[in-house]
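Try each one before you read its solution.

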Amino acid sequence: MEKTPDESRWIHCPHCGSKTRTKVYEDTVLIKFPLYCPKCKEEFRITVIQFKMVLCDEPKEPAAN
């Protein structure tokens with residue numbers, strides 16, 4: 001079966017695996033994107049290229065109060 005150019009996928013949390021509110025297409029490129037998981041209530045920096053997600057190793061900055 002041939003892929004359609006409009007195929008999209010939900011990004012899953014790298015920690016708990018639940019679906020986030022972010023959707024990407026095959027041609028979407030995210031670099032050091034701040035992905036928030038509503039279930040974990042945590043933020044992760046990710047890089048996504050052609051549906052492949054990599055967790056960035058940068059330490060998180062503390063939230064400003």
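**Exercise 1.** Find what Thr20 touches, not counting residues up to four places away in sequence.

*Solution.* Start with the contacts (heavy atoms within 4.5 Å): Thr20 touches Trp10, Ile11, His12, Cys13, Leu35, Tyr36 and Cys37. Before going on, note that this is a predicted model, where local features need pLDDT of at least 70, side-chain atom pairs count only at pLDDT 80 or more, and totals for chains, interfaces and linings use all residues. Residues are numbered from 1 along each chain as its sequence is written, and side-chain values use heavy atoms, with hydrogens and water left out.

Then look at its surface: Thr20 is buried, at 4% relative accessible area (buried means under 20%, with a 1.4 Å probe and protein chains only). Last, check its side chain: a polar atom there lies 2.7 Å from the backbone oxygen of Ile11.

**Exercise 2.** Now follow Ile11 and work out which core it belongs to.

*Solution.* Ile11 has its own contacts, among them Thr20, Val24, Leu30 and Met53. Ile11 is also part of the largest nonpolar core, ten residues in all, including Cys13, Phe44 and Phe51. Strand 3 and strand 4 (42-49) each supply at least two residues of this core.

**Exercise 3.** Locate Thr28 and list its contacts beyond four places in sequence.

*Solution.* Thr28 is in the loop between strand 2 (19-25) and strand 3 (29-37). There, Thr28 contacts Val48, Ile49 and Gln50. Thr28 and Ile49 are 21 residues apart in sequence, yet 6.5 Å apart C-alpha to C-alpha. Finally, the Thr28 side chain reaches the backbone nitrogen of Tyr25 at 2.9 Å.

Terms used. Helices (H or I, at least four residues) and strands (E, at least two) are DSSP runs, numbered from the N terminus. A polar contact is a pair of N or O atoms within 3.5 Å; within protein, one must be able to donate a hydrogen and the other to accept it, and residues adjacent in sequence count only if both atoms are side-chain atoms. A nonpolar core is a set of buried Ala, Val, Leu, Ile, Met, Phe, Trp, Tyr and Cys residues joined through side-chain atoms within 4.5 Å. Buried means under 20% relative accessible area, exposed over 50%, partly exposed in between (1.4 Å probe, protein chains only).
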